[in-house]
Amino acid sequence: MATEQRTMVIRPDTEGIEARRDAAPRTSYSLRKDERDLARHRKRRHIEQVAVLWILRAAAMISILTTIGIVAVLVSQSIGFFQEEVCVLNEGAPIKPCEPGVNGEMSRVGVFDFLTGTNWSPLFKPYRDLGQSFGVVPLVTGTFLVAAVAGVVSLGLGMGAAIFLSEYAPENVRRIIKPILEVLAGIPTVVYGYFALLAVGPALRFLIGDEHLGTFSALSAGLVMGIMIMPMVTTLSEDAMISVPRSLRDAAYALGATRFEVATKVVVPAALSGIVSSFILAVSRAVGETMIVYLAAGGRPNLTLNPLEAVQAMTAFIVNVALGDTPHGEIEYYTIFVVGLLLFAITLLMNTLGRWVVQRFRQVYE
Amino acid sequence: MALQSQSNTRRAYRLFRDNVFAGMFFGSVAVGILVLAWLLTEVIVDSVGWLDWQFLTSYSSRHPVDAGVLAPIAGTFWVIILTAVMTVPVGVATAVYLEEFAPDNRLTRLIQLNISNLAGVPSVVYGLLGLAIFVQYLFDGQRSLLAGALTLSLLVMPIVIIASQEALRAVPSSYRDAAYAMGATRWQVVKMVVLPQAVPSIMSGIILAMSRAIGETAPILVVSSLVFITYVPTSPTDRFTVLPLQIVTWVSQPQDDFRNIAAAAIIILLVMLLTMNALAIYIRAKFQRRAEY
């Protein structure tokens with residue numbers, strides 16, 4: 001189709017010139033006109049080319065601007081957070097109106113206190129005067145508790161599925177199963193939130209007992225999140241396993257190895273960098289996930305390593321505060337950005353690590 | 001003789017272990033598929049009897065029986081169309097620049113690395129960006145459709161760029177060489193040869209990116225916040241809600257009936273996603289048949 005159109009464009013052009021030549025013999029004047037036309041045409045083509053190049057460059061710059069925007073917003077609002085004077089609660093003090101020197105002091109939140117403090121109680125208006133505490137550790141442990149459960153589930157299931165697909169499944173089975181698993185990755189997270197809260201949670205309570213497990217728990221959120229990120233582990237690991245050359249497998253089979261031995265002693269070690277990388281990227285995804293933890297993990301900061309308890313994750317805190325229509329420029333408004341900055345830094349670090357692992361330790365076969 | 005029997009036992013054990021693990025590996029696939037089946041069953045069973053014409057044509061209500069999804073459906077269509085209008089030109093242009101024009105230098109590699117990093121930024125962080133830049137700075141505190149669409153546009157931009165790049169890369173270089181040999185400029189090659197060839201693939205990538213945008217909840221939640229809307233937005237500056245937000249609102253309610261209408265809304269959301277994915281697959285399949293010659 002496209003080729004025909006191009007020849008169509010060229011043909012009338014030559015015909016036009018032929019026709020003109022027949023109609024009136026070429027004078028020196030019209031020859032100059034032709035040259036002028038050609039020069040004008042070339043110039044237009046050149047201008048067009050330059051203009052297009054600049055438009056495309058500008059479009060490419062938008063992605064850079066997005067990153068600059070994210071970093072600028074998070075950092076500037078976080079600076080606002082660390083400059084605000086708040087009534088910082090003294091450890092163990094009774095909750096009373098803030099009286100400097102008695103139960104708390106008006107002071108700025110230190111960066112170190114923020115990163116290492118184990119009490120996150122950003123009491124908002126009208127309770128703010130009772131004293132606030134901004135130690136982010138409970139939110140971080142909450143996030144990683146859920147992500148750890150998800151990591152265990154997705155590593156176990158994802159690796160198993162990847163080995164099955166690349167080493168055991170015949171091609172026709174593989175072609176059916178892979179798209180089904182990828183449907184899991186396409187389901188919106190809010191649907192998983194509904195599923196974790198209203199289906200998996202009650203089922204777990206039925207199995208473990210109501211007295212051990214509440215409505216919200218890191219376990220139910222983590223299990224569902226593990227299912228959600230499983231296709232990511234499967235796809236990336238399977239890609240790594242499939243690129244292990246056939247000759248390595250054949251050599252092992254020739255020595256009498258079983259499929260299991262080929263998989264665990266030849267293929268998995270050879271594809272290890274890809275597998276580790278897929279796992280890190282999947283856990284990073286779990287850390288940044290919002291709706292499952294918001295709906296199913298709980299809404300109260302809780303410093304614990306017990307997955308049966310309810311915890312609040314960093315993302316869940318951000319959404320929780322953002323929903324409260326917080327006034328612009330108050331400490332409440334700033335907290336979500338400082339937590340967001342921490343979240344951004346953690347996921348960026350994990351994504352970079354995931355990419356680095358695969359580049360640094362990749363086995364290259366001839 | 002003893003050696004022989006020992007090696008027989010060992011061999012039997014190894015074969016047994018092989019079969020056990022074959023079962024376990026298949027088991028992990030089966031768990032994934034079964035959970036998917038459980039999820040879908042749960043949604044369908046919960047929504048039976050609630051998904052009707054009244055549900056599609058009513059606004060939200062405090063009484064689950066009267067509630068409907070007209071406002072969120074309208075909001076979802078608004079947001080998707082606005083997002084697509086803003087994302088597609090910029091995303092495709094970026095991909096064309098990186099694949100066809102950019103010199104292989106440090107800046108180009110930086111842009112490329114930056115795009116893959118943006119694809120890994122948690123979606124809620126885009127919500128914070130939208131809240132600070134679009135809502136507070138650009139629109140003076142107004143939580144409008146446009147602010148939501150701009151935020152989603154930045155969120156799905158990396159997906160559109162990466163999909164378009166793959167589509168452009170799949171165009172054989174012999175096509176380009178042929179056009180260059182006829183004296184075409186770089187832009188003419190792109191405009192008349194490369195883009196027409198890559199359009200079906202780019203289209204299917206765009207549709208998949210938009211289906212991701214439809215399901216995104218966290219950034220819209222931060223930018224728009226939960227609102228009770230009983231009208232169909234008529235301009236990009238109106239406040240809005242989308243299907244996922246309505247689902248969050250209903251899932252958070254303690255009464256059982258809200259759980260049923262949440263499931264009904266989830267069915268609508270899943271049907272929309274399924275339609276878009278089917279469309280993308282159809283376009284891609286048609287394209288693959290064409291590219292064979």
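Setting aside neighbours within four places in sequence, A:Tyr194 makes contact with one residue of its own chain, A:Leu295, and with B:Ile247, B:Val251, B:Ala262 and B:Ile266 across in chain B. A:Tyr194 also turns up in the largest nonpolar core of this predicted model. That core has 194 residues, and A:Tyr194 is listed among those with the most contacts inside it, together with A:Val146, A:Val224, A:Ala297, B:Leu128 and B:Ala265. So much for a way in; the two chains come next.

Chain A holds 13 helices and four strands. Of its 366 residues, 43% are buried. Looking at contacts in chain A with a sequence separation of 6 or more, 70% link residues 24 or more positions apart.

Chain B is built from eleven helices and zero strands, and its elements, read from the N terminus, simply go α-α-α-α-α-α-α-α-α-α-α. Buried residues make up 44% of the 293 residues here. Among contacts between residues at least 6 apart in sequence, 77% bring together residues at least 24 apart in chain B. As for overall dimensions, the radius of gyration of chain B comes to 25 Å, while a compact globule of 293 residues would sit near 19 Å. Along the principal axes, the C-alpha atoms of chain B take up a box of roughly 85 × 65 × 35 Å.

Where the two chains meet, chain A puts in 70 residues and chain B puts in 72 residues. On the chain A side, helix H2 (residues 28–83) is the biggest giver, with 20 residues touching chain B. By type, the chain A side of this contact splits into 44 nonpolar, 20 polar and six charged residues.

A:Phe164 is part of helix H4 of chain A. It counts as buried because 26 C-beta neighbours lie inside 10 Å, and 20 or more is what the label takes. Leaving out residues up to four places away in sequence, A:Phe164 touches A:Ala169 in its own chain, plus B:Phe25, B:Phe26, B:Ser28 and B:Val29 in the other. Back along chain A, A:Ser154 is ten residues from A:Phe164 in sequence, and the C-alpha atoms of the two are 15 Å apart.

Helix H12 (residues 314–323) of chain A is another element worth a look. This helix is mostly covered, with seven of its ten residues buried. The buried ones are A:Met314, A:Thr315, A:Ala316, A:Phe317, A:Ile318, A:Val319 and A:Ala322. Within chain A, these buried residues of H12(A) pack against helix H4 (137–168), helix H10 (272–288), helix H11 (291–297) and helix H13 (331–360). From chain B, helix H5 (123–138) and helix H9 (218–224) join in as packing partners.

Finally, a word on confidence. The model comes with an ipTM of 0.90 and a pTM of 0.87. For chain B, the average pLDDT is 88, and 96% of the residues reach at least 70.

Terms used: Residues are numbered from 1 along each chain as its sequence is written. Chains are lettered from A and ligands numbered from 1 in the order in which they are written. This is a predicted model: local features need pLDDT of at least 70, side-chain atom pairs count only at pLDDT 80 or more; totals for chains, interfaces and linings use all residues. Helices (H or I, at least four residues) and strands (E, at least two) are DSSP runs, numbered from the N terminus. The radius of gyration is taken over C-alpha atoms; the globule rule is 2.2 Å times the number of residues to the power 0.38. A residue is buried if 20 or more other C-beta atoms lie within 10 Å of its own, exposed if 12 or fewer, and partly exposed in between; C-beta atoms are placed from the backbone. Two residues are in contact if their C-beta atoms, placed from the backbone, lie within 7 Å. pLDDT is the predictor's confidence in each residue, from 0 to 100. A nonpolar core is a set of buried Ala, Val, Leu, Ile, Met, Phe, Trp, Tyr and Cys residues joined through C-beta atoms within 7 Å. Ala, Val, Leu, Ile, Met, Phe, Trp, Tyr, Cys and Pro count as nonpolar, Asp, Glu, Lys and Arg as charged, and the others, Gly among them, as polar.
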